Amino acid sequence: MPSSRLKPEQAALLVVDIQERLCAAMDRDALDRMLARTGAAVEGARALGIPVIVTEQYPQGLGRTHSLLKLRLGEFKPLEKLEFSAATPDVLSVLGDRKQVLITGMETHICVFQTARDLADSGREPCLLADAVLSRAEEDRRVGLELCRDAGARILTVEAALFDMLGRAGTPEFKKVSAAVR
């Protein structure tokens with residue numbers, strides 16, 4: 001049974017396929033919220049010393065990582081893939097021995113679901129950040145969340161995950177995380 005508490009030294013943040021052309025197909029308000037919550041997850045992960053891994057699905061067709069997210073990411077090198085699942089050998093190699101994988105991205109019912117399933121199958125603990133995943137249709141997003149849970153993912157929000165790893169207030173990390181999620 002995996003630990004019920006998230007631990008920074010065991011965690012990584014995986015940002016799945018938040019790309020320009022795919023973003024253009026999303027509901028604008030939902031996209032803005034998902035980008036903001038993913039940005040908060042990135043800043044919180046950095047404050048806690050958690051590695052951030054970014055994937056891009058067929059960037060020649062879907063474009064590169066969304067420009068607003070690039071600003072929050074700073075220096076990064078995306079891992080390109082053709083598979084729907086982001087649990088590729090490259091990603092698993094970067095994860096190393098980190099077992100708790102916080103997942104953001106899109107689309108929830110395709111790449112995010114297949115990633116969560118494959119991470120669970122590889123013995124890792126997928127932790128889906130429900131406020132930082134998106135699909136073109138709300139029904140696909142909702143079903144994607146259910147598919148992820150059925151595949152063994154824990155469903156959390158960005159704040160729930162970050163504050164679980166913090167464990168207490170009054171630290172420099174707490175101030176950075178609090179600022180990130182505002």
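Reply: Rings of Phe, Tyr and Trp, the last by its six-membered ring, count as a pair if their centres lie within 6.5 Å. This is a predicted model, and by that rule the count comes to 1 aromatic pair.

Me: Which residues form the aromatic pair, and how are the planes set?

Reply: Phe163 and Phe174 form the pair, which is edge-to-face, with 6.1 Å from centre to centre and 70° between the planes. The pair links distant parts of the chain, since Phe163 belongs to helix H8 (residues 158–166) and Phe174 to helix H9 (residues 172–181), 11 residues apart.

Me: New topic: where does a cis peptide bond turn up?

Reply: A cis peptide bond joins Met106 and Glu107, with omega at about -10°, and Glu107 sits in the loop between strand E4 (100–106) and helix H6 (108–121). Most peptide bonds are trans.

Me: What is the phi of Asp17, and where is Asp17?

Reply: Asp17 has a positive phi of about 55° although it is not a glycine; Asp17 lies in the loop between strand E1 (11–16) and helix H1 (20–23), and is buried, with a relative accessible area of 0%.

Me: And what is the phi of Tyr58?

Reply: Tyr58, not a glycine either, has a positive phi of about 40°, and is found in the loop between strand E2 (52–57) and helix H3 (59–62). Tyr58 is partly exposed, with a relative accessible area of 42%.

Definitions and conventions: Residues are numbered from 1 along each chain as its sequence is written. This is a predicted model: local features need pLDDT of at least 70, side-chain atom pairs count only at pLDDT 80 or more; totals for chains, interfaces and linings use all residues. Side-chain values use heavy atoms; hydrogens and water are left out. Rings of Phe, Tyr and Trp (its six-membered ring) pair if their centres lie within 6.5 Å; planes under 30 degrees apart count as stacked, over 60 as edge-to-face and the rest as tilted. Helices (H or I, at least four residues) and strands (E, at least two) are DSSP runs, numbered from the N terminus. Buried means under 20% relative accessible area, exposed over 50%, partly exposed in between (1.4 Å probe, protein chains only).
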